[in-house]
Amino acid sequence: MEDAHVAALLVRRCVAGDAAAWEEIVQRYHRRIYNLCYRFAGSADDAQDLTQEVFIRMYRTLNSYDVGRGAFMTWITTLTRNLLVDHFRKTKHDRLTDSLDATASDHEDAMPLGERIPDGGPAPDAGVQSRETKETVHQALQRLSPELREAVILRDLQDMDYREIATVLKVPEGTVKSRINRGRAELARLLQRTYRQVM
Amino acid sequence: MPGKEDIRMSCSEFDALLSQAIDGTLAGDRLSAFEAHGRVCQLCGPLLHEAEAGRSWLKSLADVAPPDELVTNILLRTSGVASTHRQVAGKAEPTSWVARIREWANVITSPVVAMARQPRFAMSFGMAFFTLSVTLSLAGVKLSDLRHMDLRPSAIRRSYYETSGRVVKYYENIRFVYEIESRVRQFKEAAAPAEQPSEQQNNNDRKNKTKNDTSGQPEQKQERNYSREGNQPVFAASLPVNRGPELARLWRAGSPEPTVVSVTTYRRFS
């Protein structure tokens, strides 16, 4: 059975009051939503809270989901994205404009992020697997503007196609492609700048 | 040249095809034109390289494992049930009616028991029990006597009156109370005769003072009140002339001091 059909069936059962169906939905989608929240919000704690909020909102509005209007995955991604935007607006004043040059910890004498990247690491385009490098990329991602960040996350981390992304972001496909390209290029520039400082 | 249009492709076309090129869905003449423009254009060429690098950076990011308790928390906050798997398994097992009742009772009592097990509630219950036991022991109530208690209304009423009478008698017979009361009585008796005349005198003084005190009144009224005095002594020398010699003779005959005649004047005041 296809994913969309399975999701539609689960939703129908869940709306009818089947608790097992709801648990199945949570089991199937919580990892994906958690990752989306984590990559956008940048913090594991925020991601956990936001994921719970997404499912609470989903549980309340599940009967409003119309199978004929789109895939369930697109629906929950839109739901998540709206919540993330709300969260972004709420935390706008509290957010620290963290720089790659700035210290990542509260200690004044801590090393800047750029200095913590290992010198003898492999080339960037070779695909670095080390944990520190992943953390660096993750932090660079947080420095992108929200529009570019959400576009590249949905495309390169969530593997959604352009049409689905356009539906979620409510912008034309051309704008989606443009944002993705600019987001990727901006991320590469940020990381290259960081590595250039190290070398 | 920066931004210079290639023969077969413009920068805007290049930008539009960039995503497809990176995704690997661009082919044929369009791919050739795209690559040619990328080689020539100083803006679009670096953009292609940066976009490819950025994509490979992003693809290097693996999925993050969510916390173990996330699903449980979500289920508790939404449906209120941690997991349905255990319940489904439980339904399949045949259970006796006693076990069902016990399970049903557990559902009701377990939250109460869990709450009572909290240290603050346990401490409160302990303090309440201690206070009650101390009060009962001070009041002389024995729990073993309670079983013999007659709980009929008439018996309870009789017990109440008997108890209250006993308490009053007990109170009055306490040596300390008795001594205090007798002392108070003695003080009252000792103070009563001395206080009576002095009180009376004080009252009279107060009355006279009030009567004589005319300082706050008009001058004419002060004078009138002054002359209203009842038994005022009048010296004979000060009497009118026609009666003066008669009274002087009386004084010279026997009295060492001028005779004082007490005259009561009656005036009508309008």
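Trainee: Where is the place of Lys170(A)?

Mentor: Lys170(A) sits in the loop between α8 and α9 of chain A. Helices here are DSSP runs of H or I with at least four residues, strands are runs of E with at least two, and both are numbered from the N terminus. A word on the source: this is a predicted model, in which local features need pLDDT of at least 70, side-chain atom pairs count only at pLDDT 80 or more, and totals for chains, interfaces and linings use all residues. Residues are numbered from 1 along each chain as its sequence is written, while chains are lettered from A and ligands numbered from 1 in the order in which they are written.

Trainee: What is the phi of Lys170(A)?

Mentor: Start with the general idea. Most residues other than glycine have a negative phi. Lys170(A) has a positive phi, near 60°, and is not glycine.

Trainee: Is Lys170(A) buried or exposed?

Mentor: Count C-beta atoms, placed from the backbone: 20 or more others within 10 Å means buried, 12 or fewer exposed, and anything in between partly exposed. Lys170(A) is exposed because 10 other C-beta atoms lie within 10 Å.

Trainee: How does Asp159(A) read, buried or exposed?

Mentor: Asp159(A) has 9 other C-beta atoms within 10 Å, so it is exposed. Its place is in the loop between α7 and α8 (162–169) of chain A. Asp159(A) is not a glycine, yet its phi is positive, about 55°.

Trainee: How many residues does the contact take from chain A and from chain B?

Mentor: Contact means C-beta atoms, placed from the backbone, within 7 Å. Chain A gives 39 residues and chain B gives 32 residues. On the chain A side, the elements giving two or more residues are α2 (19–41), α3 (44–61), α6 (131–142), α7 (146–157) and α9 (173–198). By class, that side has 19 nonpolar residues (Ala, Val, Leu, Ile, Met, Phe, Trp, Tyr, Cys and Pro), 8 charged (Asp, Glu, Lys and Arg) and 12 polar (the others, Gly among them).

Trainee: What does the secondary structure of chain B come to?

Mentor: Chain B has 11 helices and 2 strands. From the N terminus on, the order is α-α-α-α-α-α-α-α-α-α-β-α-β. Of the 270 residues in chain B, 8% are buried. Take its contacts between residues at least 6 apart in sequence: 49% join residues at least 24 apart.

Trainee: In which helix does His49(B) lie?

Mentor: His49(B) lies in α3 (residues 44–60) of chain B. His49(B) counts as partly exposed because it has 13 C-beta neighbours inside 10 Å. Ile22(B) is 27 residues away along the chain, and the two C-alpha atoms are 9.7 Å apart.

Methods. Contact = placed C-beta atoms within 7 Å.
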